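Dear colleague,

Please find below the structure that I am handing over to you. I would be grateful if you would read the notes after it with the model open.

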Amino acid sequence: MENQITVEKATTKKPKPEADQLEFGRSFTDHMFILDYDVEQGWHNPRIVPYQPIILDPAAIVFHYGQTVFEGLKAYITNGGETQLFRPQKNMQRLNRSNERMCIPSIDEELALEAIKELVRIDREWIPTAPGTSLYIRPFVISTEPYLGVAPSKKYQFIVILSPVGAYYKEGINPVKIAVETEFARTVKGGTGEAKTAGNYASSLKAQELVAKEGYAQVLWLDGLEKKYIEEVGSMNVFFKINGEVVTPELNGSILEGVTRNSVIRLLDHWGIPHSERKISMDEIYQAYQNGELEEAFGAGTAAVISPIGELAWKGEKLEINQGETGPISKKIYDTLTGIQYGTEDDPFGWTVTVS
Ligand SMILES: *Cc1c(COP(=O)(O)O)cnc(C)c1O
């Protein structure tokens with residue numbers, strides 16, 4: 001495979017959004033990366049081109065059967081003015097695990113990471129510098145073969161786009177209200193829950209829309225079969241602190257394995273805080289709450305890093321957690337992870353990758 005990334009620079013540059021106008025995923029930089037796949041040549045023609053619409057045949061498989069995967073990570077500007085990524089190799093590995101589940105041919109992880117770095121370098125001036133802001137990186141694969149039969153595509157494109165994003169918490173880290181979903185399922189074991197693929201998000205919209213009307217930020221998903229065991233919250237993994245121990249659902253085939261989840265576990269280990277990955281039923285959470293042992297709850301994902309849960313609504317009950325305030329462990333993890341990402345804290349694990 002020819003690995004040399006060619007670059008075609010944009011001749012006109014778009015205006016950049018003002019720092020206080022940044023929204024998640026609404027504006028995009030001047031360039032994008034594309035890599036093509038066909039059966040004869042494999043993955044080929046890696047190129048950076050001006051950001052532009054893509055033209056696809058209306059019969060392209062992705063439109064009909066959703067054979068597609070994506071990733072999400074961020075680039076940060078440190079106080080010293082360096083650009084860095086947070087554990088991007090993990091995202092590339094997960095990209096290929098998602099590809100494998102969706103019958104998409106594996107992508108050279110080093111080439112994909114090099115492409116991301118080169119693209120971020122070229123659009124570096126798009127990375128916002130105000131506290132808490134970053135450049136969101138969205139790699140994704142689409143199946144482009146025009147064919148209405150249900151079969152894996154023979155053609156794909158791997159594309160990377162970049163979007164400057166504002167601070168997730170504008171007034172400091174803040175707890176959210178979450179509704180436990182007892183009717184709809186996001187996925188089931190054996191389904192596609194452990195892949196970052198579009199269908200999982202399409203299937204979550206209905207539940208999300210209904211709870212939003214009641215004032216809840218996200219749904220907490222239970223297992224799709226018995227609606228008994230906790231899985232994830234929105235597009236975050238979830239942790240609870242019960243009587244001094246931090247617990248998170250074990251990876252069971254329907255949960256997405258978050259890079260943030262893994263980083264939280266590594267930090268807890270490092271600090272010697274008791275923790276485990278295991279099955280957690282909603283009944284257990286309710287019992288712990290009744291006994292006054294439910295000390296903290298939080299979501300963990302790239303967008304928010306840590307999102308404390310102040311209230312859980314379940315079967316008509318409202319479980320208030322830590323008086324609706326951010327708990328000490330949630331805060332400590334948030335401060336440490338964001339500190340490493342923005343280069344204000346030491347990085348003893350070697351998690352950051354410098355771009356420039
Ligand atoms: C992306 C995602 C996460 C979080 O993964 P991170 O790598 O930590 O950002 C968790 N759950 C779902 C369903 C996701 O799509």
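The model is predicted, so to speak of local features a pLDDT of at least 70 is needed and side-chain atom pairs count only at pLDDT 80 or more, while totals for chains, interfaces and linings use all residues. Residues are numbered from 1 along each chain as its sequence is written, and side-chain values use heavy atoms, with hydrogens and water left out.

**Pocket and cavity**

Rolling a probe the size of a water molecule over the atoms shows where empty space is left. On a 1 Å grid over the protein atoms alone, a cavity is a set of points where a 1.4 Å probe fits but cannot get out, whereas a pocket is an open set with protein on both sides within 12 Å along at least five of seven lines; lining residues have an atom within 4 Å of a point. Grid points are joined across faces, edges and corners, and a volume is the space filled by probe spheres set on the points.

The largest pocket has a volume of about 870 Å³. It is lined by 35 residues, of which Phe24, Tyr136, Arg138, Ser235 and Ala303 are the closest to its centre. Two or more lining residues come from each of strand E7 (134-143), helix H4 (198-202), strand E12 (236-242), helix H6 (259-271) and strand E15 (294-301); helices (H or I, at least four residues) and strands (E, at least two) are DSSP runs, numbered from the N terminus. The lining of this pocket comprises 18 nonpolar, 10 polar and seven charged residues, where Ala, Val, Leu, Ile, Met, Phe, Trp, Tyr, Cys and Pro count as nonpolar, Asp, Glu, Lys and Arg as charged, and the others, Gly among them, as polar. Domain 1 (6-165) and domain 2 (176-342) each supply at least three residues of the pocket lining; the domain bounds come from an automatic or database domain assignment.

The whole structure holds one cavity of 30 Å³ or more, and the volume of the largest cavity is about 100 Å³. Among its 13 lining residues, Tyr76, Phe86, Thr260, Thr302 and Gln341 are the closest to the centre. Strand E5 (73-77) gives the most to this lining, with three residues. Both domain 1 and domain 2 contribute at least three residues to the cavity lining.

**Aromatic contacts**

Rings of Phe, Tyr and Trp (its six-membered ring) pair if their centres lie within 6.5 Å; planes under 30 degrees apart count as stacked, over 60 as edge-to-face and the rest as tilted. By this rule there are 15 aromatic pairs. The ring centres of Phe24 and Tyr136 are 5.0 Å apart and the planes stand at 70°, so this pair is edge-to-face. Phe24 lies in the loop between strand E1 (6-7) and strand E2 (31-38), and Tyr136 in strand E7, 112 residues apart. Phe24 is exposed at 51% relative accessibility, whereas Tyr136 is buried at 10% (buried means under 20% relative accessible area, exposed over 50%, partly exposed in between, with a 1.4 Å probe and protein chains only). Tyr37, Trp43 and Tyr156 form one aromatic cluster.

**Backbone angles**

Val305, in strand E16 (residues 305-314), has a positive phi near 70° although it is a residue other than glycine. Val305 is buried, at 6% relative accessible area. Asn322, also not a glycine, has a positive phi of about 50°. Asn322 is partly exposed at 25%.

Yours sincerely
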